[in-house]
Amino acid sequence: MSALAAYSTSTGEAFQFWVLGTVAVIGALCTVFMKKAVHSALCLAGTMIILAVFYLANGAYFLGVVQIVVYTGAIMMLFLFVVMLVGVTAADSLKETIRGQRWLALLCGLGFGVLLFAGIGNASLKEFNGVAQANSGGNVEGLATLIFTKYVFAFEITGALLITAAVGAMVLTHRERTERALTQREMAEKRVRDGKHLPPLPAPGVYARHNAVDIAGLLPDGTPSELTVSKTLRDRGQIRDVSTEAMNDLKALEQRSEDRLERTETEPATFKREASK
């Protein structure tokens, strides 16, 4: 009965496999074909989370938790930090810094594909005992036995590869200074000679009624000041222009003030006429 259960698949498990498997494949393809490195890393993180769900569904609880905590939570965050530190863009991926690296990558991809199909074929042609017998001595104990006996060299090579990646990221972000760094006094004197804006830049906002960073402050004539907003937001076109609204409110305030002044001037004259009568 246990042998029959090992070869059978329930409807819920099949539905989960086909739905999550499709999403995992789409995430893997997006990892390869996305133009921006950050988007590729996020797609890879999603694929890793789905793999963790597969592990948990098959009874490999320790491996599923490790997949989320270590690979998705630590290693993928390391990839994102490296991308942010190095500053990889879509234009950088089009530059071939090492001659013949694309053909080498294609050859490595074919090699991994052959290993993948060979592993799937080996698993499908041989007899297997099922998850219950594999976890008979404990999931953590069985996994530790395989890692530190049969797959110890692959485990150590993977650790060395991750350490090499971390050291490589530190080397790439290191910049050698070609000239002496200026002191704070020298930088201040340089700003004075260049005629730049000496005091701190004005804060964003319009007459202290808005404090959002995407709203430019208004000058006395009602025009927005570009110094009050970030250049990055200006380049992205994310600046909200409220100068027209502010000027309309100011005109309405002036009109109310004039009406109030007219009523104030009219009331004394009316009082004098009534007193004379």
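1. Let me start with the term needed for the aromatic part: rings of Phe, Tyr and Trp (its six-membered ring) count as a pair if their centres lie within 6.5 Å. With that in hand, Phe17, Trp18 and Phe54 come out as one aromatic cluster. Keep in mind throughout that this is a predicted model.

2. On the overall fold, the protein chain is helical: 11 helices and zero strands. Going along the sequence, the pattern reads α-α-α-α-α-α-α-α-α-α-α.

3. A few totals for the chain. Of its 277 residues, 14% count as buried. The exposed surface comes to about 21900 Å², and 67% of that is supplied by carbon and sulfur atoms. Looking at contacts with a separation of 6 or more, 48% are between residues 24 or more positions apart.

4. Now the inside. The largest nonpolar core has five residues: Ala41, Ala45, Met48, Met76 and Leu80. Helix 3 (37-57) and helix 4 (61-86) are the elements that each give two or more residues to this core, and helix 3 has the largest share, with three. Have a look at Ala45 while you are there: leaving aside residues up to four places away in sequence, Ala45 touches Thr72 and Met76.

5. Phe17 belongs to helix 2 (residues 11-33) and Phe54 to helix 3, so the pair ties together parts that are 37 residues apart in sequence. As for accessibility, Phe17 is partly exposed at 46%, whereas Phe54 is buried at 14%.

6. Another of the pairs joins Phe148 and Phe155, and this one is edge-to-face, with 6.0 Å centre to centre and 65° between the planes. Phe148 counts as exposed because its relative accessibility is 57%, and the cut-off for that is over 50%. Phe155, at 42%, is partly exposed.

Conventions
Residues are numbered from 1 along each chain as its sequence is written. This is a predicted model: local features need pLDDT of at least 70, side-chain atom pairs count only at pLDDT 80 or more; totals for chains, interfaces and linings use all residues. Side-chain values use heavy atoms; hydrogens and water are left out. A nonpolar core is a set of buried Ala, Val, Leu, Ile, Met, Phe, Trp, Tyr and Cys residues joined through side-chain atoms within 4.5 Å. Buried means under 20% relative accessible area, exposed over 50%, partly exposed in between (1.4 Å probe, protein chains only). Helices (H or I, at least four residues) and strands (E, at least two) are DSSP runs, numbered from the N terminus. Contact means heavy atoms within 4.5 Å. Accessible areas come from the Shrake-Rupley method with a 1.4 Å probe; for residues, only the protein chains shown count as cover. Rings of Phe, Tyr and Trp (its six-membered ring) pair if their centres lie within 6.5 Å; planes under 30 degrees apart count as stacked, over 60 as edge-to-face and the rest as tilted.
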